[in-house]
Amino acid sequence: MPAWQGTPKSGLNKRTQAVLLFAILAGISILTFSPYRPHLRLPNSSTYTQASSLSSKQSPYAYVTLLAPNPKLDNKNVPDDEDEYFVGTRVLAYQLLHAPNTRTNSSIDFVVLATPDIPKSKLDRLRKDGATVKVVEKIYEKWMKPGLVRWRDMLSKLYMWKLVEYEKTLFLDADMLIAKRMDGIFTDSTTVPLKTKPSLAVADEGPFPSSYVFAAQTYFEGRIHKYPIPSGDFFSGGFFLAQPSIEAFNYYRHLASMEGRFDSNGMEQHMLNYAHRKDGPMPWVEVNYIYTTTWPSMNEYEAGARSMHEKWWDQSLELDPKLRRMWYQARDDMEAFHTARDGAERKEKMKETSLT
Ligand SMILES: *[C@@H]1O[C@H](CO)[C@@H](O)[C@H](O)[C@H]1NC(C)=O
């Protein structure tokens, strides 16, 4: 019989129990309170990953604009925020992505196509604003003579058709004021794909896509007009919804190179009007009028127009002062929003650096 079995050593046993109990309690508290808690951390972090990948589900649609140098500022060294088209692009980004009443509620991207001569400071700012910035080549055809210098780079809008990661894209000029959420336009019955009609094609104009989307608004001029405006044959090049397609891009590029095929004065506007002429293979469709208007007045705003096209910053234009104030208000809101957000980001960064 071993010695320890027969000897009563209950005092020692109690001490062993106490040591064991202490060890267990210490172990639990280390697991619970130490920063190294592998078992407790892992499920948490994978939960977060799952949640964020669900909420960032990508939309098949995108809003798109083009930013090219402002000819009025050629060879002038002015601060970025004095370039009206750049500021207009920022206001558009704010209205489409951040402003509570007008922002996308279905995660639709805002893509800025920028020509290679846009300075990095502007590209960086637009990225901070939440835009998806893509630098694109300038498209230039020697035979084409823009009616206004401002239109010289407008053929670069065609790069929108190369955004084939999206099913539909809405092009908006940067001088667009958003009055109401625009997301519904992508599923509107006026923007569904249509079959091309090869029998109406001109032989030397080359291959084109078998289906297409092209919805725009009839071009008109004059502050006083009916809304909806009566449909015509010619559309405005400042607002159109289309389906990205490399075949379509190549078709337009080929058309643009055909000297004299269309009036070059209006650049991309005339070229697209020729490509989508009503008696051609890919006739354009009048977009649901509620989504946009040009030469706006309070009449259209009150009728529910969701976007309004105007050079809001041009003081020589006779605009309804209430409408003009809306654009300036959107610009102020945009600046306040980003000042607050940039400040919060800076604080967050400082906290990180002081921790490490
Ligand atoms: C987005 O807002 C519109 C109103 O503008 C609403 O009808 C729609 O249900 C909203 N969609 C989502 C996904 O919240």
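**Entry 1: the three-stranded sheet**

I take two strands as paired if DSSP finds at least two bridges between them. The model that I examined is a predicted one. On this basis I looked up the sheet that contains S5, and I found an open sheet of three strands with mixed pairing, in the order S5-S12-S11. Its edges are formed by strand S5 (176-178) and strand S11 (293-294), each of which pairs on one side only. I then followed S5 to its partner: strand S12 (residues 307-309) runs antiparallel to S5, and three bridges join them. Within S12, I noted Ser 307 as the residue that stands opposite Ile 178.

**Entry 2: the seven-stranded sheet**

I next traced the sheet that contains S1. It is open, has seven strands in the order S3-S2-S1-S4-S9-S8-S10, and its pairing is mixed. Which strands stand at its edges? I found strand S3 (132-135) and strand S10 (285-286) there; each has a single partner strand, so one side of each is left without a neighbour in the sheet. I also checked the pairing of strand S1 (residues 61-67) with strand S2 (residues 109-114), and I recorded a parallel course with six bridges.

**Entry 3: helices H4 and H5**

I turned to helix H5 (residues 120-128), which lies across S1, S2 and S3 and runs at about 150° to S3. I then looked up how H5 packs with helix H4 (residues 84-97): the angle is about 15° and the axes are 10 Å apart. Angles under 35 degrees count as roughly parallel, and I therefore list H4 and H5 as roughly parallel to each other. The crossing in which H4 passes H5 is right-handed. On the H4 side I found Phe 86, Thr 89 and Arg 90 in the contact, and on the H5 side Lys 122, Arg 125 and Leu 126. Sorted by class, this contact of H4 with H5 has three charged, two nonpolar and one polar residues.

**Entry 4: helices H6 and H7**

H6 passes H7 in a right-handed crossing. I listed the residues that make the contact: H6 supplies Tyr 251, Tyr 252, Leu 255 and Ala 256, and H7 supplies Met 271, Leu 272, Tyr 274 and Ala 275. By class, I recorded eight nonpolar residues in the contact of H6 with H7, with no polar and no charged residue.

**Entry 5: backbone exceptions**

I searched the backbone for exceptions to the rule that most residues other than glycine have a negative phi and most peptide bonds are trans. Where does Asn 75 lie? I located Asn 75 in the loop between S1 and H4. Its phi is positive, about 60°, although Asn 75 is not a glycine. I also found a cis peptide bond, from Tyr 227 to Pro 228, with omega near 0°. Pro 228 has its place in the loop between strand S8 (214-218) and strand S9 (235-242).

**Entry 6: confidence**

The chain has a mean pLDDT of 87, and 84% of its residues reach 70 or more. For residues 1-12 I found that pLDDT stays under 50, and the model has one contact of this stretch beyond four places in sequence. Over residues 27-55 the pLDDT is likewise below 50, and I recorded seven contacts of this stretch beyond near neighbours in sequence.

Definitions and conventions:
Residues numbered from 1 in each chain as written. Predicted model: local features only at pLDDT ≥ 70, side-chain atom pairs only at ≥ 80, totals over all residues. Heavy atoms only, no water. Helix = DSSP H or I, 4+ residues; strand = E, 2+ residues; numbered from the N terminus. Left-handed = near helix turned anticlockwise from the far one by under 90°. Contact = heavy atoms within 4.5 Å. Nonpolar A, V, L, I, M, F, W, Y, C, P; charged D, E, K, R; others polar. pLDDT = per-residue confidence, 0-100. Axes fitted to C-alpha atoms, helices over the stretch in contact; angles between N-to-C directions. Parallel < 35°, antiparallel > 145°, perpendicular 65-115°, else oblique.
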